Amino acid sequence: MTNCTVTCYNSTDGSQVDIQSEAEIFAFVMITLTILGVGGNMLCVVVLLRVQQTVKGTRLLKHLSITEIFALVLCLLSKTLPDFITARHISTSLKPFVSPLAFTVYTYEIYLTVLIAMQRALALTKPLMFDIYVHKSTINKMLIFLGIASIALSVPHWIALSPQLYFDQELNRTWLHANGNPYRTSYGYSVFYSGYVTFIVQCFIPVIALTISNCCLIYSRIQMTRRSVLPNDNGKKLIVVVIAITSISLVTHLISAAAMLFQENPYSLRLKDLFIVVKLSINFVFYSLFGRAFRATLLIVCGVTRSSVIGKTADVTSI
């Protein structure tokens, strides 16, 4: 197969724009960020598994890191791989499976982040209620509910992109691709579900929930600082980490909302994909910056420092 390069002209100055080259450069950046993000999240999982989790909610961060690893890989397969023209046949074959699965995992990741933010906000604003009602079994039930809800929301994608075999004359072989189901072009799927429902589920509701939770966290943190009644050091660090995570998530959802409203602009969609990958990759940086115990355990995991030395300088609990 002969590779082709698509060239168009800039409407403002008439200069040539190599679309394919831009797409491949962007794909290279996305691959680099994805590799860093997967590596960082794997380190997060290893460290959080070794950390003694004394603050409620810390174990959710471990689940978040695992979910983000899968989300990054699926984002790479569904969003980045098609930008390489030589891999387009592979991406076409993977689309019926990868796209619905990516939607499911990313939706789960969104509401897992919302759950972490709401849980920490409740712990600060209603500590007695939090201690009474929030237990390990409660968290497990919430995670199961989020998983079932995320799968249910992606069912229309599975129906619309159900796989079908076809013969590719250029490659002289049989490939899989999404079938020509008329449901894909129907108003119910292409407009109502892919447009309105996806906007509400992945943008509107998370923005509202994260904004309220973040405001509660910041306000409670300020009030506690004024009254000098801050929780222990582990609790303080967890508050800062959750505020950082929810803030970058909030920015990402706002950009995603703008991209969905201006879909005709390819750069807005690329910016959305870029911020999604950054959001899925950056938690390792937050843990390392704000978590003294996380840094201490990371040094042990990497073999830089012995655990006996760390034990003299840091209480390796929570993050």
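K279 is buried, with a relative accessible area of 1%; here buried means under 20% relative accessible area, exposed over 50% and partly exposed in between, computed with a 1.4 Å probe on protein chains only. The model is predicted, so local features need pLDDT of at least 70 and side-chain atom pairs count only at pLDDT 80 or more, whereas totals for chains, interfaces and linings use all residues. Residues are numbered from 1 along each chain as its sequence is written, and side-chain values use heavy atoms, with hydrogens and water left out.

The partner of K279 is E109: the two residues form a salt bridge in which the closest N and O atoms are 2.6 Å apart. A salt bridge is defined as a side-chain nitrogen of Lys or Arg within 4 Å of a carboxyl oxygen of Asp or Glu. E109 is buried as well, at 0% relative accessible area. Over the whole structure, the search finds one salt bridge. Because E109 belongs to helix 3 (residues 88-125) and K279 to helix 9 (residues 266-281), the pair ties together parts that are 170 residues apart in sequence. Helices (H or I, at least four residues) and strands (E, at least two) are DSSP runs numbered from the N terminus.

Five aromatic pairs are found in the whole structure; rings of Phe, Tyr and Trp (its six-membered ring) pair if their centres lie within 6.5 Å, and planes under 30 degrees apart count as stacked, over 60 as edge-to-face and the rest as tilted. One of these pairs joins F103 and Y193, whose ring centres are 6.1 Å apart with planes at 45 degrees, so the pair is tilted. F103 lies in helix 3 and Y193 in helix 7, 90 residues apart, and the pair thus links distant parts of the chain. Both F103 and Y193 are buried.

Y193 has a further aromatic partner in Y189: this pair is stacked, with 5.8 Å from centre to centre and 20 degrees between the planes. Y189 and Y193 are separated by about one helical turn because they stand four residues apart in helix 7. Their relative accessible areas are 8% for Y189 and 6% for Y193. Together with Y183, the residues F103, Y189 and Y193 form one aromatic cluster.

Helix 7 (residues 187-227) also contains I212, which is exposed at 51% relative accessibility. I212 contributes to a nonpolar surface patch of about 440 Å², along with I200, F204, I205 and I208. Patches consist of residues with over 30% relative accessible area and no salt bridge, like charges being joined within 9 Å and nonpolar side chains (Val, Leu, Ile, Met, Phe, Trp, Tyr) within 5 Å.

The cysteines come next. A disulfide is counted when a pair of cysteine sulfur atoms lies within 2.5 Å, and the count by this rule is zero. C216 is in no disulfide, and the nearest cysteine sulfur, that of C215, is 7.0 Å away. C216 is partly exposed, at 28% relative accessible area, while C44 is buried at 0%.

For the chain as a whole, the secondary structure comprises 12 helices and four strands. Of its 319 residues, 44% are buried. Contact means heavy atoms within 4.5 Å; among contacts between residues at least 6 apart in sequence, 73% join residues at least 24 apart. The chain exposes about 16600 Å², of which carbon and sulfur atoms supply 67%, the areas coming from the Shrake-Rupley method with a 1.4 Å probe and, for residues, with only the protein chains shown counting as cover.
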